[in-house]
Amino acid sequence: MSPAAHEPVLLEAVLSHLSPVLEGTAPAVLDATFGRGGHARALLAQMPPGGRLLVLDRDPEALAVARQLAAEDGRVQVLAGRFSELSALLERAGLPAVAALSLDAVLADLGVSSPQLDDAGRGFSLRDAGPLDMRMDPTQGMSAADWLAVVEVDELTSVLRRYGEQGAAARVARAIVAARPFTDTAELAEVVATAMPAALKRRSGTRHPATQVFQAIRIHINDELGEIERALPLWFSALRLGGRLAVISFHSLEDRLVKQFFRAQARPPALPRRLPVTDAERPPAPARLLTRALRPAADEQARNRRSRSATLRVLERAA
């Protein structure tokens with residue numbers, strides 16, 4: 001999929017919530033999940049000539065697109081790596097530390113991108129057979145095929161249950177271990193579909209029965225939830241007072257982490273019970289919620305089926 005063909009999810013909602021903090025002469029923004037640059041290009045269109053956009057990704061194909069954009073627009077600077085490594089990436093690029101960045105906005109569009117799903121060679125897709133890889137960065141760590149070749153049934157069961165919320169986790173895990181090794185996605189999908197109880201298949205509706213199993217393996221291989229947990233405090237710390245953090249998630253496990261972090265930041269600090277203070281003397285909360293859970297409108301869902309599970313939350317750093 002070309003960058004021009006990629007439709008960024010919830011774009012209008014993202015722009016409406018971030019545009020107010022991009023009106024200065026030199027706004028600074030971090031796009032922590034560049035992908036193919038749909039959101040990044042829209043943000044650049046809103047930013048003045050003196051603005052600066054840091055873009056980050058760990059996918060080599062996404063980074064190639066990001067570097068081309070940086071060659072075309074001098075406001076763009078590319079950081080290559082995991083978003084939880086933001087501190088080290090900034091130091092490597094000669095930029096200020098996280099807490100000294102004073103960003104006006106941070107945007108994160110979590111999970112697997114449409115181009116990764118559409119390229120059978122990346123191993124994320126159930127639609128077309130391809131190598132069983134699933135790594136966001138194919139140069140780092142174990143592929144899904146390598147991991148499935150050695151994982152024990154108990155560990156695999158735990159991964160399927162935790163990250164795929166899979167009701168038949170143990171049964172599917174035993175079937176996978178019995179059928180390994182796998183060379184491509186189609187083989188794994190067939191084994192999972194065969195092992196899945198009929199009731200769960202019916203509950204899946206039009207989705208492939210192996211969808212949640214693939215999700216669970218992908219999340220584990222890329223440590224996606226751990227990345228989010230480590231990155232959220234970094235993104236928030238990088239904001240100036242009044243800066244905004246916008247996060248798009250695509251399933252309940254991601255959204256739960258974002259929601260819990262946002263709510264924690266929007267609560268005033270706890271005080272000792274024995275310390276008498278008036279409401280006026282209470283320290284303010286570090287942040288305020290600008291949205292709860294924003295979902296795509298019906299027309300966007302009809303136009304872009306992958307937007308249907310998207311949820312946007314926006315947080316503003318307070319004094």
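Trainee: First thing, is Arg 244 buried or exposed?

Mentor: Arg 244 counts as buried, because its relative accessibility is 12%, where buried means under 20% relative accessible area, exposed over 50% and partly exposed in between, with a 1.4 Å probe and protein chains only. Before we go on, note that this is a predicted model, in which local features need pLDDT of at least 70 and side-chain atom pairs count only at pLDDT 80 or more, while totals for chains, interfaces and linings use all residues. Residues are numbered from 1 along each chain as its sequence is written, and side-chain values use heavy atoms, with hydrogens and water left out.

Trainee: OK, and which element is Arg 244 found in?

Mentor: Arg 244 belongs to strand β5, where helices (H or I, at least four residues) and strands (E, at least two) are DSSP runs, numbered from the N terminus. Strand β5 is mostly covered, with nine of its 11 residues buried.

Trainee: What is Arg 244 in contact with, beyond its neighbours in sequence?

Mentor: Leaving aside neighbours within four places in sequence, and taking contact as heavy atoms within 4.5 Å, Arg 244 is in contact with residues including His 17, Asp 104, Leu 290, Val 314 and Glu 316.

Trainee: Which strands does β5 pair with, then?

Mentor: Six bridges join β5 to strand β4 (residues 103–109), and these two run parallel, with Leu 103 standing opposite Leu 239. With β7 the pairing is antiparallel, again over six bridges, and there Ala 246 has Val 314 as its bridge partner. Two strands pair if DSSP finds at least two bridges between them.

Trainee: What order do the strands of the open sheet have?

Mentor: The open sheet has seven strands in the order β3-β2-β1-β4-β5-β7-β6, with mixed pairing. Its edge strands, each pairing on one side only, are β3 (76–80) and β6 (287–289), and the twist averages 15° from one strand to the next. Axes here are lines fitted to C-alpha atoms, for helices over the stretch in contact, and angles run from 0 to 180 degrees between N-to-C directions.

Trainee: What does α13 touch on the sheet?

Mentor: Helix α13 packs on the sheet and touches β5 (239–249), β6 and β7 (311–317), its direction making about 20° with that of β7.

Trainee: Changing topic to α7, how far apart are its end C-alpha atoms?

Mentor: They are 15 Å apart, which agrees with the 16 Å that the 12 residues of helix α7 (residues 153–164) should span at 1.5 Å a residue; the expected span is 1.5 Å times one less than the number of residues.

Trainee: And why do its buried residues line one face?

Mentor: Seen down the axis of α7, the buried residues fall within an arc of 165°, so they line one face of the helix, the arc being that of the directions from the helix axis to the C-beta atoms. Those residues are Leu 156, Thr 157, Val 159, Leu 160, Tyr 163 and Gly 164, whereas the face turned away from them carries the exposed residues Asp 154 and Arg 162.

Trainee: Last one: which residues touch the most other members of the largest nonpolar core?

Mentor: Those are Leu 148, Ile 217 and Trp 235, in a core of 70 residues, and the largest share of this core, seven residues, comes from α12. A nonpolar core is a set of buried Ala, Val, Leu, Ile, Met, Phe, Trp, Tyr and Cys residues joined through side-chain atoms within 4.5 Å.
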